[in-house]
Amino acid sequence: MGEEATHHWIVVLDVENFSSRRDPVQRRVRAAMYRALAEALRRAGITDADTVSEDRGDGVLMLVAPSVSPVVLAGPFVRELDEALGEYAQEANADHALRLRVALHQGLAARDAHGWSGDAVNTACRLVDAQPLRDVLAEALSARLVLAVSDEVHRGVVRHGHRGIDPAAYLRCDFTTKHGETITSWITVPGYPAPPGLPASGDPAATAPPAPGTTDTVPGATDTVPGATSTGPAGKGAAPDAAGRPSVALHAQTVQGDQVAGDKHVTVHNTGSVRP
């Protein structure tokens, strides 16, 4: 009979392009991964007594005691892991390259004779296997790892900006699992100001509700000024309003510096008359 479920911080590591390597190369890459992990834990001050690991073939499932601060995991541990991978990269050729996808989550996990299980473990594995995370690492050519944290970890740890953690370097990414479940993650790449390669939905601004005074309209519509009616682009075919003022229509691709994919239409409220 298994043990009762207890709370853990859950870290999952996965090696990029592992299965495409030849068997001898896989063994060397695995050995390098475990050396880098052990070195990062030591440098971050996390002891063997604080962790228990389960091998995943092309990665590691690691459960960390709740007594370890998540600030250490998201900060010093990730930084030291990145450094250890960088040291390995100096002596490895392209065939033996080691780059990692890393996920950090928290929750209940239970151990039996065969290993660990629990919904939190499943979620952590889905985070590390998510296609957007794979895409980010593929785009970040000079990176050695990419980190995804769950929404719970982001809310409780990352967004507060504890020492060694830069919330501005994380971008939100919602993805759908093969079971149709939508999961929110936050992704960062050490050494990058923001993770490259995220889809447009990864930008919180892209899914945020319209700001007060603005209204999204059906594609093909144009921006308008209250009291004005538009039948075409600004300055062309715009009819005057009842007061004889010309109407203005704006067909915008860029709104206040934010690049918009495709047509983005906003109703603009202005004060005062519009000069012809």
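This note sets out numbered points on the structure shown above.

1. Basis of the note. The model is predicted, and local features need pLDDT of at least 70, side-chain atom pairs count only at pLDDT 80 or more, and totals for chains, interfaces and linings use all residues. Residues are numbered from 1 along each chain as its sequence is written, and side-chain values use heavy atoms, with hydrogens and water left out.

2. Overall make-up. The protein chain holds six helices and twelve strands; these are DSSP runs numbered from the N terminus, helices being H or I with at least four residues and strands E with at least two. Of its 276 residues, 41% are buried, where buried means under 20% relative accessible area, exposed over 50% and partly exposed in between, with a 1.4 Å probe and protein chains only. Contact means heavy atoms within 4.5 Å. Among contacts in the protein chain between residues at least 6 apart in sequence, 69% join residues at least 24 apart.

3. Cysteines. The whole structure contains zero disulfides, a disulfide being a pair of cysteine sulfur atoms within 2.5 Å. Cysteine 125 counts as buried because its relative accessibility is 16%. Cysteine 173 is likewise classed as buried, at 0% relative accessibility.

4. Helix H4. In helix H4 (residues 131-139), the buried residues are Pro132, Leu133, Val136 and Leu137. Viewed down the axis of H4, these buried residues fall within an arc of 140°, so they line one face of the helix; the arc is that of the directions from the helix axis to the C-beta atoms. The buried residues of H4 pack against helix H3 (119-129) and against strands S4 (100-112), S6 (145-150), S7 (171-176) and S8 (182-188).

5. Leucine 37. This residue lies in helix H1 (residues 23-43). Is leucine 37 buried or exposed? It counts as buried, because its relative accessibility is 4%. Residues up to four places away in sequence aside, leucine 37 touches Leu13, Val60, Met62, Phe77 and Leu81.

6. Aspartate 82. Helix H2 contains aspartate 82. With a relative accessible area of 9%, aspartate 82 is buried. Apart from neighbours within four places in sequence, aspartate 82 is in contact with Arg144, Leu145 and Pro190.

7. The cavity. On a 1 Å grid over the protein atoms alone, a cavity is a set of points where a 1.4 Å probe fits but cannot get out, a pocket is an open set with protein on both sides within 12 Å along at least five of seven lines, and lining residues have an atom within 4 Å of a point. Grid points are joined across faces, edges and corners, and a volume is the space filled by probe spheres set on the points. The whole structure has one cavity of 30 Å³ or more. The largest cavity is lined by Val11, Leu73, Phe77, Val78, Val102, Ala103, Leu104 and Leu147. Helix H2 (70-89) and S4 are the elements that give two or more residues to this lining. By class, the lining comprises eight nonpolar, no polar and no charged residues; Ala, Val, Leu, Ile, Met, Phe, Trp, Tyr, Cys and Pro count as nonpolar, Asp, Glu, Lys and Arg as charged, and the others, Gly among them, as polar.

8. The second largest pocket. This pocket has a volume of about 280 Å³. Of the 16 residues that line the second largest pocket, Glu16, Ala94, Ala97, Leu98 and Arg99 are the closest to its centre. The lining of this pocket has eight nonpolar, three polar and five charged residues.
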